[in-house]
Amino acid sequence: MNFIPKSLLKKLYTRGSLTKANEGFTFNIKNRLIDVHFEGLSHLSIEGSEIQKDQIFADLGDGKWLSIEEINKQNGFGLKLGKSFNVLVVSQLNGAKNLDLSFKFDTKPFGKLSFSITDQVNAHKEERAIKIPRIHNADYGKEAIKERQEFVQSFSGSNPKNISNPIEDTTVYQGNIEHLTGFAKIPMGIAGPIKVNGEHAQGEYLVPLATTEGTLVASYNKGIKLVNEVGGVNCRVIQDSMQRAPVFIFDTLIKAVDFGKWIKTVSKDLKAQAEIGSNHLKYDSVEVYQAGNNVFLRFNFFTGDAAGQNMVNKATFQICQWILEVYDGVQHFFLESNMASDKKHSFINSLNSRGKRVIAEVTFPEELLVKNFGVDAHQLQRHLGVANLGGMMAGVNNNGLHTANALAAMFIAFGQDVANLAESTAGFLHTEVLADGSLYGTVTLPSLIVGTVGGGTALPTQRDCLEMVGCYGSGKAKKLAEIMAGVVLAGEISLGAAISSLDWVAAHEDLGRNSIP
C-alpha cells in the first residue's frame, strides 16, 4: 500500500520534542508505522522558509551528528518500527513560541511522503548530569551490565551482588529487557506429575512453579495427588482469539451510525488488510459498539501459538490505515480505545474471552476427599457456597480461591507476560455434590493469555520450563493452556479443602516463613 493518510504521517513527529539548542533547535522523529528505509530528506521548511540541507543534522542513536547531505549520499538508513532519531537544525528561532514545520522525504516502500505540523518550542534543556550507563551496539554484553551494577552501587550505596549472574551469553536477552543490570532470582519448585486428559495435552506433566510463597508448591502437589487418584483432570480449550479495539470519532451521530453499518459490509477487505505480511495471524470478525459519535470496533484475531498482542497491533493498524484511506468523514481515531481491556480485567472479556477460554473438570469420590483432606463433599460444598456469597459482596472477578497463585508461578516459569495476569486470573469455579456423595468441580478460565513462541518463551530458563512439559515452540499453545487449567483446578480443590478442614493456617506455620525479622 503506497498511501498513508496525513493524520498517520503526523504521528512520525514526536510532539513536544521541539527544543532550543545552543546551535539552533532539535526535534525527534519516531517510526510509528512499519519498518521503513529512509532514503533521504528532500525538503524541510520552518514557517514557510526552506532550510538548507547543510544546516540539518541527524543523530541516529550513537550520539554522533551526521549532516543530512551525508546521510542522503549514503542512501539513507533503515528505521525499524519503534525506533527514533533526533534532528538538529542550525537556525535561530528569534524568540518564536510556536513553529510550523513541513517535511518532504523519500522512503521504501512508500515513495515520496510529506506532512506538516505545528509544535511549541521548549526551553533549552541541559542533559541530565546522572545517566544510567549504556554502551551503543553492545548494551547487552557483560561490560555494560557490570557498568550498570557499579552505577547502582555508587548511586544507592547498596551492593547488588545478588543480582549478578554467571550467564555466559547475556545478549540473548535483547528484545526482552532494557538497561539489563542483573537477574531477579526467584526460587522454583516442581509439582506433579499431573495427569491431564485434554484434547491437546494428554499424559502426565511435571509442572514448574516459580514463587516465593511457602506452602504453595505443597498445596498444588496435594491437589494434584488427588486429581491423579481419580484418573486425571479433563481439559478443553473451547475458544481462542486476541483482540484490539480502535475507536473512530465523527462530528455527528448520523455519520457514526452510517460508519457502523458500513464496517459490517467490508469483512473481506478487513480480512485482507489484517493478514498482509503475516503467515500466522488470521482475521476472524469485528464487533461494533457505538456511544454518541464514537464507534468502537473490537477486532478478533487468531494468533497461532503466540500470545499475540504485538501481532494484533500491527494488523489493526493496517486495517485502520485502510479505513482512513477509503472512508470519508472520520474526524479522528485512536488505535486502542481501552475496550480490548489489555492487561485489565473486564466483564466483556470474561464473557467473550480474550486469549484462550479453557475449562477443566474433575470428580472426586467422597472417600478420597475424607482420606486426603479430612472433609466430605457436603462440607466442602457448603464452604464454597458461602465463599460465592462473600465474593459477590466484594465484587470479585473470580469466585474461586487462588487462581492467581498457580498462574503467576507458571507465567514466570514459562516466560509469559506477567501483566496479562490481570485478565488471565478471571475465573468461574463451579461445584456440585452428586447423588453418590462425590464432588464434581469445574473451573473456567475465560481469558487465559499464553503463548509458546515469541515474548519471553525462548529465554534460556523459560525454554527449559516449557520443554519440561513438552510445550516449547509451534503447535503447543493450546496444550500449555490445558495443562495450566488442570493445575489451577487441582489447587482450587486443595485450598478449599484446607480452609474447610482448618489445615490452612497449620500448613503455613509448618511450611511457610511466617516470622518477620
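Predicted model: local features only at pLDDT ≥ 70, side-chain atom pairs only at ≥ 80, totals over all residues.
Student: What is the mean pLDDT of the protein chain?

Tutor: pLDDT is the predictor's confidence in each residue, from 0 to 100. For this protein chain the mean is 88, and 94% of the residues reach 70 or more. Go to residues 502-509, though, and pLDDT stays under 50. For that stretch the model has 12 contacts beyond four places in sequence, a contact being heavy atoms within 4.5 Å.

Student: And the chain as a whole: what box do its C-alpha atoms fill?

Tutor: Roughly 90 × 60 × 40 Å, taken along the principal axes. Of the 517 residues in the protein chain, 46% are buried (buried is under 20% relative accessible area, exposed over 50%, partly exposed in between, with a 1.4 Å probe and protein chains only). Sequence distance is worth a look too: take the contacts between residues at least 6 apart in sequence, and 71% of them join residues at least 24 apart.

Student: Now helix packing. At what angle do α5 and α7 pack?

Tutor: The axes are lines fitted to C-alpha atoms, for helices over the stretch in contact, and angles run from 0 to 180 degrees between N-to-C directions. Helix α5 (residues 253-263) packs on helix α7 (residues 309-326) at about 120 degrees, and their axes are 13 Å apart. So α5 is oblique to α7; under 35 degrees would be roughly parallel, over 145 roughly antiparallel, 65 to 115 roughly perpendicular, and the rest is oblique.

Student: Which residues of α5 and α7 meet?

Tutor: From α5 you have F259, W262 and I263, and from α7 W322, I323 and V326. This contact divides into six nonpolar, no polar and no charged residues. For the classes, Ala, Val, Leu, Ile, Met, Phe, Trp, Tyr, Cys and Pro count as nonpolar, Asp, Glu, Lys and Arg as charged, and the others, Gly among them, as polar.

Student: How do α4 and α9 pack?

Tutor: Helix α4 (residues 216-229) and helix α9 (residues 366-373) make an angle of about 150 degrees, with axes 11 Å apart. So α4 is roughly antiparallel to α9. K222, G223, K225, L226 and E229 come from α4, while α9 brings L368, L369, K371, N372 and F373. By class, the contact of α4 with α9 holds four nonpolar, two polar and four charged residues.

Student: On to the backbone. Which residues does a cis peptide bond join?

Tutor: Most residues other than glycine have a negative phi, and most peptide bonds are trans. In this model a cis bond joins G192 and P193, with omega about 0 degrees. You'll find P193 in strand β11 (residues 188-198).

Student: What is the phi of N137?

Tutor: Near 65 degrees, a positive value in a residue other than glycine. N137 is in the loop between β10 (111-120) and α3 (142-156), and its relative accessibility is 73%, so it counts as exposed. H179 isn't a glycine either, and has a positive phi of about 55 degrees. Look for H179 in the loop between α3 and β11; with 33% relative accessibility, H179 counts as partly exposed.

Student: Is Q149 buried or exposed?

Tutor: Buried, because its relative accessible area is 17%. Q149 lies in helix α3. Leaving aside residues up to four places away in sequence, Q149 touches P160, I163, S164, T181 and G182.

Student: How far apart are G63 and N86?

Tutor: In sequence, 23 residues; in space, 9.5 Å from C-alpha to C-alpha. G63 is in the loop between β5 (56-59) and β6 (65-67), and counts as exposed because its relative accessibility is 54%. Now try E70 in helix α2 (residues 68-73): E70 and F57 are 13 residues apart along the chain, and 9.1 Å separates their C-alpha atoms. E70 has a relative accessible area of 34%, so it is partly exposed.

Key: Residues numbered from 1 in each chain as written. Heavy atoms only, no water. Helix = DSSP H or I, 4+ residues; strand = E, 2+ residues; numbered from the N terminus.
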